[in-house]
Amino acid sequence: MKTRFEEFEIVRIPAKGITGTIVDVRVGRDSVPYYIVQNDEWGDVDDPDACNLGYALFDCTAEQLAHVHEPDE
C-alpha cells in the first residue's frame, strides 16, 4: 500500500469524513510532511482544526489520509 501522497491528489480524511484535494505539501519543524487538504464541498465545517475560507483547509499527516483510488504500482 502506498503511503506517499502527491499534490492535487484526491484523498479522504477518514476521521473527519471529508474528501478533498491536496493543494500543498510542506515539511514541518519536526521534519514530517504535512499535506494541506482542501474540502471538496463549499462551506464552513464545524471543526476546530479547519481553516474555513469557503472551502475548508486541513493540515494532515500521511497517517491521517487515505487514498480515494489506490494507485497502480
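In this predicted model, Tyr35 has a relative accessible area of 5% and is therefore buried, since a residue under 20% counts as such. Its partner in an aromatic pair is Phe5. The two rings stand edge-to-face, 5.6 Å centre to centre, with 70 degrees between the planes. Phe5 is likewise buried, at 3% relative accessibility. Phe5 belongs to the segment before β1 (10-13), whereas Tyr35 belongs to strand β3 (residues 33-39), so the pair ties together parts that are 30 residues apart in sequence.

The structure holds 2 aromatic pairs. Trp42 and Tyr55 also form an edge-to-face pair, 4.9 Å centre to centre and with 80 degrees between the planes. Both Trp42 and Tyr55 are located in the loop between β3 and β4 (57-60), 13 residues apart. Trp42 is exposed, because its relative accessibility of 62% is over the 50% cut-off. Tyr55 has a relative accessible area of 34% and is partly exposed.

Charged side chains provide a further set of links.

| Arg4 | Glu6 | 3.2 Å |

In the salt bridge between Arg4 and Glu6, Arg4 is exposed at 53% relative accessibility, while Glu6 is partly exposed at 35%.

Where do Lys16 and Asp47 lie? Lys16 is in the loop between β1 and β2 and Asp47 is in the loop between β3 and β4, so their pairing connects parts that are 31 residues apart in sequence. Lys16 is partly exposed, with 31% relative accessibility. Asp47 is buried, with a relative accessible area of 17%.

Arg26 is partly exposed, its relative accessible area being 35%. Asp59 is partly exposed as well, with a value of 41%.

Strand β2 (residues 18-27) also contains Thr21. The side chain of Thr21 makes a polar contact of 3.4 Å with the side chain of Asp40. Leaving aside residues up to four places away in sequence, Thr21 touches Phe8, Glu9, Ile10, Ile36, Val37, Gln38 and Asp40.

Technical notes:
Residues numbered from 1 in each chain as written. Heavy atoms only, no water. Helix = DSSP H or I, 4+ residues; strand = E, 2+ residues; numbered from the N terminus. Polar contact = N/O pair within 3.5 Å; in protein donor to acceptor, adjacent residues only side chain to side chain. Contact = heavy atoms within 4.5 Å. Phe/Tyr/Trp six-rings, centres within 6.5 Å; stacked < 30°, edge-to-face > 60°. Buried < 20%, exposed > 50% of the residue type's maximum accessible area, 1.4 Å probe, protein only. Salt bridge = Lys/Arg side-chain N within 4 Å of Asp/Glu carboxyl O.
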